[in-house]
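Please look through the sequence and the 3D structure below. The paragraphs that follow go from the overall fold to single residues.

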Amino acid sequence: MGVFGLEDPNGSDEHLERKILDPERLSRVESIFGNLSETIKIYGPWSSAWVGEAGGAYNSGGNHVSNRFLNSFWYLDQLGIASCYNTKVYCRQTLIGGNYGLLNATTFAPNPDYYSFVASVNGKEGSCDLK
């Protein structure tokens, strides 16, 4: 499954910042994870969901948005929802490259989402209450 729910795939979105901070828009992806989870329970209970590609916004992400702390609202929300639906693997679009890489493409310094990732994998298990 690929997850890019913030931006029009045909180009840059001038409202990307507002979309990242909109809880209703962020929660839309929950239905995708929920439907996939139900499908797996019925047709493939031996398998698990993977997110094979995620970056939030198409076309290398939004400059000065996808590579800033602001994007962590989207990223941590996605990781949390994926975890609640027992997603076993969540791959980021890219480690280095575009505006949504975990590392800056020029300096290789960590972008803010790198720290969000580190915090999420070092966090404690908890309960999921999405309702």
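A residue is called buried when its relative accessible area is under 20%, exposed when it is over 50%, and partly exposed in between, with a 1.4 Å probe and protein chains only as cover. By that definition Ser116 is buried, with a relative accessible area of 8%. We return to this residue further down.

The model is predicted: local features need a pLDDT of at least 70, side-chain atom pairs count only at pLDDT 80 or more, and totals for chains, interfaces and linings use all residues. Residues are numbered from 1 along each chain as its sequence is written, and side-chain values use heavy atoms, with hydrogens and water left out.

The score pLDDT is the predictor's confidence in each residue, from 0 to 100. The protein averages 81, and 79% of its residues score at least 70. Helices (DSSP runs of H or I, at least four residues) and strands (runs of E, at least two) are numbered from the N terminus. Among these elements, α3 has the highest mean pLDDT, 93, while strand β1 (residues 2–3) has the lowest, 58.

There are five helices and four strands in the protein. Their order along the sequence is β-α-α-α-β-β-α-β-α. Of the 131 residues, 39% count as buried. A contact means heavy atoms within 4.5 Å. Among contacts with a separation of 6 or more, 68% are between residues 24 or more positions apart.

Consider helix α3 next. The expected span of a helix is 1.5 Å times one less than its number of residues. For the 15 residues of α3 (residues 29–43) this gives 21 Å, and the end C-alpha atoms are 21 Å apart, which agrees. The buried residues of α3 are Val29, Glu30, Phe33, Gly34, Ser37 and Ile40. Seen down the helix axis, the buried residues of α3 fall within an arc of 140° (taken from the directions from the axis to the C-beta atoms), so they line one face of the helix. On the face of α3 turned away from the buried side are the exposed residues Asn35, Ile42 and Tyr43.

What does the interior consist of? A nonpolar core is a set of buried Ala, Val, Leu, Ile, Met, Phe, Trp, Tyr and Cys residues joined through side-chain atoms within 4.5 Å. The largest one here has 16 residues, and Ile20, Phe33, Trp74, Tyr75 and Tyr90 have the most contacts inside it. At least two residues of this core come from each of α1 (16–20), α3 and α4 (71–84). Helix α4 gives the largest share, five residues. In soluble globular proteins, nonpolar side chains tend to be buried together.

Helix α4 has 14 residues and reaches 20 Å from its first C-alpha to its last, close to the 20 Å expected at 1.5 Å a residue. Its buried residues are Asn71, Ser72, Trp74, Tyr75, Gln78, Leu79, Ile81 and Ala82. Leaving aside neighbours within four places in sequence, Tyr75 is in contact with Tyr90, Arg92, Leu102, Asp113, Ser116 and Phe117.

This leads back to Ser116, which lies in helix α5. Not counting residues up to four places away in sequence, Ser116 touches Ser72, Tyr75 and Leu76. The C-alpha atoms of Ser116 and Phe69 are separated by 9.0 Å, although the two are 47 residues apart along the chain.

The loops remain. Asn86 lies in the loop between α4 and β4 (89–90) and is partly exposed, with a relative accessible area of 48%. Just after α4, Asn86 takes a positive phi of about 60°, although it is not a glycine. Its C-alpha atom is separated by 7.3 Å from that of Ala49, 37 residues apart along the chain.

In the loop between β4 and α5 (112–121) sits Asn104, partly exposed with a relative accessible area of 27%. Beyond its neighbours within four places in sequence, Asn104 is in contact with Ile96, Ala109 and Asn111. Phe108 lies in the loop between β4 and α5 and has a positive phi of about 65° although it is not a glycine.
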